[in-house]
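This report covers a few local features of one protein chain. Please keep the sequence and the model open while reading.

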Amino acid sequence: MDFNKETLEYINFVQNQEQHVIKHYYSEKQEKTNKEILIKNALQKIDKVKSSWLKLRYFYLGLRLAHYSKLNSLEIYDKYKYLLETKDDSIVKNWIQAIYAGALIKNENVVLGVYEFSKLFDKNKINWYLSYYNFNYIKTDKQWRKLLSFAKNSDEKTKFYAIRALNKNSNKIEELKNIYKIDKNSKWFDFVLYKALLNSQHYFDTDNNHLRN
């Protein structure tokens, strides 16, 4: 099968599965396809297509369908995660990472899911906001301590404090102290310090407006 034909089949598959993953999807001409069949087709395509570019995208589509359908998404991830081992950068790898992290949380492996989401917290990741959004699942000190135990290095540990510092109710000064104790040269110290300075500036802006009035 030539590349152009494989690409055309991929585009058709994308269109067929949209009905299950996009809210308010509607097409008068399109019959609704069974989700299980679509997932099976996506995984079969991984083994059939030659393009590594398409393999990764079929992996994402099959994983996303399984996750949204509350099916065996974690099993699918474990089987095909080897596709992520390539050195090539791809936004699809970030999408897969987010689906995997969400699947862990949905399967009640909350702390590990939050940890996997934290890997997206980087300015080079297009959906890094998901790290903050899903950090709200950490609600107890026990969960927090377990999360810290997952950290493989000081950068990951200081990142956790930085994400926690983004909460509007956080004590940013205390989080700065926590980061400083681990690594005073951490980029996350600068990140939180910048956020704290912005907040202080907003305070003075409000105060100055009051004086002018």
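Is Glu 108 buried or exposed? The structure shown is a predicted model. Glu 108 has a relative accessibility of 71%, and because exposed means over 50%, Glu 108 counts as exposed.

**Loop residues with positive phi**

Glu 108 sits in the loop that joins α5 (91-106) to α6 (110-118). Its phi is near 70 degrees, a positive value in a residue that is not glycine. Lys 70 also has a positive phi, of about 60 degrees, and is not a glycine. Lys 70 lies in the loop between α3 (52-68) and α4 (73-80). At 66% relative accessibility, Lys 70 counts as exposed.

**Helix α9**

Does the span of helix α9 agree or disagree with its number of residues? Helix α9 covers residues 154-165, which makes twelve residues. The expected span is 1.5 Å times one less than the number of residues, so α9 should span 16 Å. The C-alpha atoms at its ends are 17 Å apart, which agrees.

At the start of α9, Asn 153 places a side-chain oxygen within 3.2 Å of the backbone nitrogen of Asp 155. The buried residues of α9 include Phe 160, Tyr 161, Ala 162, Ile 163 and Ala 165. Glu 156, Thr 158 and Lys 159 are also among the buried residues of this helix.

**Helix α10**

Which residues does Glu 175 touch, leaving aside those up to four places away in sequence? They are Tyr 161, Arg 164 and Ala 165. Of these, Tyr 161 and Ala 165 are among the buried residues of α9. Glu 175 itself belongs to helix α10 (residues 172-182). Its relative accessible area is 4%, and because buried means under 20%, Glu 175 is buried.

Leu 176 is also found in helix α10. With a relative accessible area of 9%, Leu 176 is buried. Residues up to four places away in sequence aside, Leu 176 touches Phe 189, Val 192 and Leu 193. Leu 176 and Ala 196 are 20 residues apart in sequence, and their C-alpha atoms are 9.4 Å apart in space.

**Accessibility values**

The table collects the relative accessibility of the residues discussed above.

| Residue | Relative accessibility | Class |
|---|---|---|
| Lys 70 | 66% | exposed |
| Glu 108 | 71% | exposed |
| Glu 175 | 4% | buried |
| Leu 176 | 9% | buried |

Terms used
Residues are numbered from 1 along each chain as its sequence is written. This is a predicted model: local features need pLDDT of at least 70, side-chain atom pairs count only at pLDDT 80 or more; totals for chains, interfaces and linings use all residues. Side-chain values use heavy atoms; hydrogens and water are left out. Helices (H or I, at least four residues) and strands (E, at least two) are DSSP runs, numbered from the N terminus. Buried means under 20% relative accessible area, exposed over 50%, partly exposed in between (1.4 Å probe, protein chains only). A polar contact is a pair of N or O atoms within 3.5 Å; within protein, one must be able to donate a hydrogen and the other to accept it, and residues adjacent in sequence count only if both atoms are side-chain atoms. Contact means heavy atoms within 4.5 Å.
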